[in-house]
Amino acid sequence: MHVNPRATPGGTPALEVSNLSVRYGKAISALADVSLRVDAGEVVTLMGLNGAGKSTIVRAVTGLLPVNGGSITAGTITSYGTALTGRSPRYIVRHGVAQTMEGRRIFAGLTVQQNLEVGGATRRPADVRALQAEVLDLFPRLAKRRGQLAGLLSGGEQQMLAFGRALMSSPRLLVLDEPTLGLSPKLVTAIGDAISAIRERGTSVLLIEQNAVMALSVADRGYLIEHGRIFREGTAIELRDDPELERRLLGLAEEAA
Ligand SMILES: Nc1ncnc2c1ncn2[C@@H]1O[C@H](COP(=O)(O)OP(=O)(O)OP(=O)(O)O)[C@@H](O)[C@H]1O
Ligand SMILES: [Mg+2]
């Protein structure tokens with residue numbers, strides 16, 4: 001069986017979301033009683049259809065919910081034993097949590113190298129150089145384009161840059177929001193390889209994906225979310241073997257209902 005030797009079930013989790021409920025404004029309930037866990041050293045995937053609440057979980061974890069008009073109405077979020085609930089994005093980054101946002105959000109007017117430097121803003125200059133060398137080693141396509149304006153990169157290269165920029169803060173927990181969206185199969189494989197490589201270094205990952213094949217090929221465990229509620233969790237192997245999962249992720253179960 002596929003067991004991650006670095007994962008430490010039973011130890012202090014990299015991320016623990018407990019009974020989390022989130023609203024946008026007064027009317028929209030986006031999450032209801034969501035609980036999930038990423039153990040230290042684990043890659044955990046969160047899968048679900050459009051609008052299920054995946055990015056809302058990301059925003060709650062990274063402190064960006066208020067910027068989006070959302071608020072936590074119940075529940076707690078902790079990372080390595082520290083409460084993150086209600087903390088600022090700056091505090092959360094310093095605690096070791098980094099994210100890539102949906103839609104890449106790189107700085108189009110800066111070069112590849114400058115984007116990476118921004119990602120390393122919380123690190124010392126000597127560390128930034130070392131981290132940048134590591135990131136360019138992980139993504140050789142970016143190394144060749146260091147001086148190029150990021151806005152001129154292809155979609156897949158921008159996705160790699162967003163990933164690389166998140167790694168520049170040397171996170172203990174990396175949250176990736178749909179890193180393969182719109183990418184060709186070859187680049188999906190490259191992103192999967194990069195996730196496996198950073199897992200080897202002991203970084204924990206919460207991977208938001210709609211591409212279940214890719215997600216379950218790199219993850220240790222996974223959760224499925226539907227209409228703001230977690231309705232299924234299991235090891236990657238259990239989920240891969242579940243025919244119901246495919247129906248759900250294609251939206252077929254909803255259509256039939
Ligand atoms: N800023 C916002 N204001 C109001 N409602 C929002 C806001 N952001 C998200 N929502 C609503 O909350 C629900 C969950 O949205 P969320 O972005 O978390 O879904 P998602 O699973 O990430 O979807 P996708 O796969 O399309 O990115 C949706 O019904 C959405 O319309
Ligand atoms: Mg989303």
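In this predicted model, 6 strands line up as an open sheet, in the order S6-S7-S8-S3-S9-S10, and their pairing is mixed. Going from one strand to the next, the twist averages 15°. Inside the sheet, strand S7 (residues 173-177) and strand S8 (residues 204-209) run parallel and are joined by 5 bridges. Here Leu 173 stands opposite Ser 204 in S8.

Helices pack on this sheet too. Helix H1 (residues 54-62) touches strand S3 (43-47), S6, S7, S8 and strand S9 (221-226), and its direction makes about 150° with that of S7. Helix H7 (residues 185-200) touches S3, S7 and S8, and its direction makes about 160° with that of S8.

Nonpolar side chains tend to be buried together in soluble globular proteins. The largest nonpolar core here has 69 residues, and the members touching the most others are Val 61, Leu 206 and Leu 207. Setting aside neighbours within four places in sequence, Val 61 is in contact with Leu 15, Ile 77, Leu 84, Val 97 and Val 175.

Then there is helix H6 (residues 155-167). Because 11 of its 13 residues are buried, H6 is largely enclosed by the rest of the structure. The buried ones include Glu 157, Arg 165 and Phe 163. Among the elements covering the buried residues of H6 are S6, S7, H7 and helix H4 (125-138).

Conventions
Residues numbered from 1 in each chain as written. Chains lettered and ligands numbered in written order. Predicted model: local features only at pLDDT ≥ 70, side-chain atom pairs only at ≥ 80, totals over all residues. Pairing = 2+ DSSP bridges. Helix = DSSP H or I, 4+ residues; strand = E, 2+ residues; numbered from the N terminus. Axes fitted to C-alpha atoms, helices over the stretch in contact; angles between N-to-C directions. Contact = placed C-beta atoms within 7 Å. Core = buried A, V, L, I, M, F, W, Y, C linked by C-beta atoms within 7 Å. Buried ≥ 20, exposed ≤ 12 C-beta atoms within 10 Å, placed from the backbone.
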